[in-house]
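Here is a short tour to read with the model open beside you.

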Amino acid sequence: ARFVEVIFFDLVLQRLDRGREITAIRELAPGAKVIVLTAYDEPERIFRALCAGADSYLLKFDEVRPLERSIRQAIQQENIFSPAIADRVLQHFHAMGRHERSAGFERLSEQEQQVLLLLRAGFTDKEIAQKLGNLAPKTIKNHSQAIRRKLRVSNRTKAAVLAQLFPSWLFRK
């Protein structure tokens, strides 16, 4: 028998968004299935959690997917989503597809690629500046603005989602 860890993660506790902690869980238990179990269905929270490494996203009030069934599916290595979350993700991808089809992305510089990889991992501008050799946070902010302009997105979360979904288009080997 194969042992599979299933970790249920509440995205918001005591009004504190804990999305970045998913990345830490991934590092501590890389083989585990991380299931977000939350009451929050805002697109930004969903995409931040998925970018941070969540395998599944379930709503606490979801009657279609009982917890026991979700655990069984996770053990079978399935990624599971509440129907409302699946609809939101699908709508987002459709919108991104229309956006991407309308115009290709401008290539990112090597430093912009490094910044985007760290943005995708959930680091702040200050943390990215330190990781890239004690650069000024203002420099990282400028790179972030250039990345958003080149990728035609309005915020860093959307840039991180694109980096997760389309790495071969955004990162040169």
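R152 sits in the loop that links helix 7 (137–151) to helix 8. This is a predicted model, and in it R152 has a positive phi of about 60 degrees even though R152 is not a glycine. That is worth a look, because most residues other than glycine have a negative phi. As for the surface, R152 counts as partly exposed because its relative accessibility is 43%, which falls between the cut-offs of 20% for buried and 50% for exposed.

**The chain as a whole**

- The protein chain holds nine helices and five strands.
- Of the 173 residues in the protein chain, 40% are buried.
- If you take the contacts between residues at least 6 apart in sequence, 62% of them join residues at least 24 apart.

- Three strands form an open sheet in the order 1-4-5, and their pairing is parallel.
- Which strands lie at the edges of this sheet? They are strand 1 and strand 5 (56–59), each of which pairs on one side only.
- On average, neighbouring strands of this sheet are turned by 25 degrees against each other, with direction ignored.
- Strand 4 (residues 33–38) pairs with strand 5 in the parallel sense, and four bridges connect the two.
- For a landmark in this pairing, find I35, which stands opposite S56 in strand 5.

**E5, in the segment before strand 1**

- E5 belongs to the segment that precedes strand 1.
- Although E5 and A32 are 27 residues apart along the chain, 4.6 Å separates their C-alpha atoms.
- Leaving out residues up to four places away in sequence, E5 touches A29, A32 and K33.
- E5 has a relative accessible area of 38%, so E5 is partly exposed.

- D10 lies in the loop between strand 1 (6–9) and strand 2 (12–13).
- Is D10 buried or exposed? With a relative accessible area of 18%, D10 is buried, because buried means under 20%.
- Which side chain makes a polar contact with the side chain of D10? The partner is the side chain of K60, at 2.8 Å.
- Setting aside neighbours within four places in sequence, D10 is in contact with R18, L37, T38 and K60.

**Helix 5 against helix 8**

- Two packed helices are described by the angle between their axes and the distance between the axes.
- For helix 5 (residues 110–120) and helix 8 (residues 156–165), the axes come within 9 Å and cross at roughly 100 degrees.
- Helix 5 and helix 8 are therefore roughly perpendicular to each other, as angles of 65 to 115 degrees count as such.
- Helix 5 brings L116, L119 and R120 to the contact, while helix 8 brings R156, A159, A160, A163 and Q164.
- By type, the residues of this contact between helix 5 and helix 8 divide into five nonpolar, one polar and two charged.

Technical notes: Residues are numbered from 1 along each chain as its sequence is written. This is a predicted model: local features need pLDDT of at least 70, side-chain atom pairs count only at pLDDT 80 or more; totals for chains, interfaces and linings use all residues. Side-chain values use heavy atoms; hydrogens and water are left out. Axes are lines fitted to C-alpha atoms, for helices over the stretch in contact, and angles run from 0 to 180 degrees between N-to-C directions. Angles under 35 degrees count as roughly parallel, over 145 as roughly antiparallel, 65 to 115 as roughly perpendicular and the rest as oblique. Contact means heavy atoms within 4.5 Å. Ala, Val, Leu, Ile, Met, Phe, Trp, Tyr, Cys and Pro count as nonpolar, Asp, Glu, Lys and Arg as charged, and the others, Gly among them, as polar. Buried means under 20% relative accessible area, exposed over 50%, partly exposed in between (1.4 Å probe, protein chains only). A polar contact is a pair of N or O atoms within 3.5 Å; within protein, one must be able to donate a hydrogen and the other to accept it, and residues adjacent in sequence count only if both atoms are side-chain atoms. Two strands pair if DSSP finds at least two bridges between them.
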